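Look at the structure below and follow its aromatic rings first, then its backbone angles.

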Amino acid sequence: MGLVYLALESSYAFVEENTTKPVEQEREMVEYHPDLNNFKVEEDKPKVKVLAKTVVNPDKIKITPDNAVEDFTDFIDDTESDPEEPVAVSSIVEHKIIEDPIIPLDVVEEVPIFPGCEKVAKEKRKDCFNEKMQKHVKRYFRYPDAAIEMREQGRVSVMFKIGTDGVVKDVQMRGPSKILEKEAQRIISKLPQMTPGKQGKSNVVVPYSIPINFKLE
């Protein structure tokens with residue numbers, strides 16, 4: 001009887017020990033803080049496009065004959081010049097401006113005809129031209145007031161050309177004063193259009209010069 005009780009007690013103690021629930025251990029809370037000193041933001045790297053390799057079919061490759069390459073080389077040699085080779089002067093094209101011939105009044109076959117001298121004999125047209133020119137200067141002559149106040153006087157040499165169209169051009173003056181030169185230019189600008197001078201059957205340019213005297217009394 002005593003042995004049975006010990007066996008039951010031992011069995012009860014064993015059951016009581018196994019039914020006891022283990023105590024759960026508390027979990028520790030671990031916090032993570034970033035290292036700001038070593039903190040780096042990685043930039044997005046551009047995506048590299050990978051080009052697909054083109055597979056060439058060997059059967060479609062055409063081989064150019066050697067003579068075709070030689071012909072093309074000959075073409076280049078014919079069209080290109082050697083930079084170190086001097087260029088022949090004859091190969092340079094020059095564009096020249098053809099100017100009308102200039103014949104002096106004393107030499108030209110037919111002098112320019114001043115309006116009013118058309119009916120004058122050919123051999124007397126030069127004298128008529130000079131007379132008409134002197135009358136023109138006297139008609140339009142005016143002594144500038146500024147030149148009078150400054151007591152400017154003297155001779156102004158005037159040179160101009162009568163073109164192939166009979167129009168006076170290329171007027172040049174030389175005198176003792178800009179004021180007097182300007183007045184001489186104004187007088188010449190009043191000249192009418194003339195019949196141009198001729199050498200043979202062609203119109204030519206005829207130069208002419210005349211002095212204009214400015215004298216104070």
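In this predicted model, both F160 and Y208 are buried. Their rings form a tilted aromatic pair, with 5.6 Å from centre to centre and 45° between the planes. The pair links distant parts of the chain: F160 belongs to strand β1 (residues 154–162) and Y208 to strand β5 (residues 206–214), 48 residues apart. F160 and Y208 also belong to one aromatic cluster together with F114 and F129.

A pair of aromatic rings is described by the distance of the centres and the angle of the planes. The model has six aromatic pairs.

Now turn to the backbone. Most residues other than glycine have a negative phi. Which residues here have a positive phi without being glycine? R151 is one of them, with a phi near 55°. R151 sits in the loop between α4 (145–149) and β1, and with 55% relative accessibility R151 counts as exposed. D170 also has a positive phi, of about 50°. D170 lies in strand β2 (residues 168–174). Its relative accessible area is 45%, so D170 is partly exposed.

Definitions and conventions: Residues are numbered from 1 along each chain as its sequence is written. This is a predicted model: local features need pLDDT of at least 70, side-chain atom pairs count only at pLDDT 80 or more; totals for chains, interfaces and linings use all residues. Side-chain values use heavy atoms; hydrogens and water are left out. Rings of Phe, Tyr and Trp (its six-membered ring) pair if their centres lie within 6.5 Å; planes under 30 degrees apart count as stacked, over 60 as edge-to-face and the rest as tilted. Helices (H or I, at least four residues) and strands (E, at least two) are DSSP runs, numbered from the N terminus. Buried means under 20% relative accessible area, exposed over 50%, partly exposed in between (1.4 Å probe, protein chains only).
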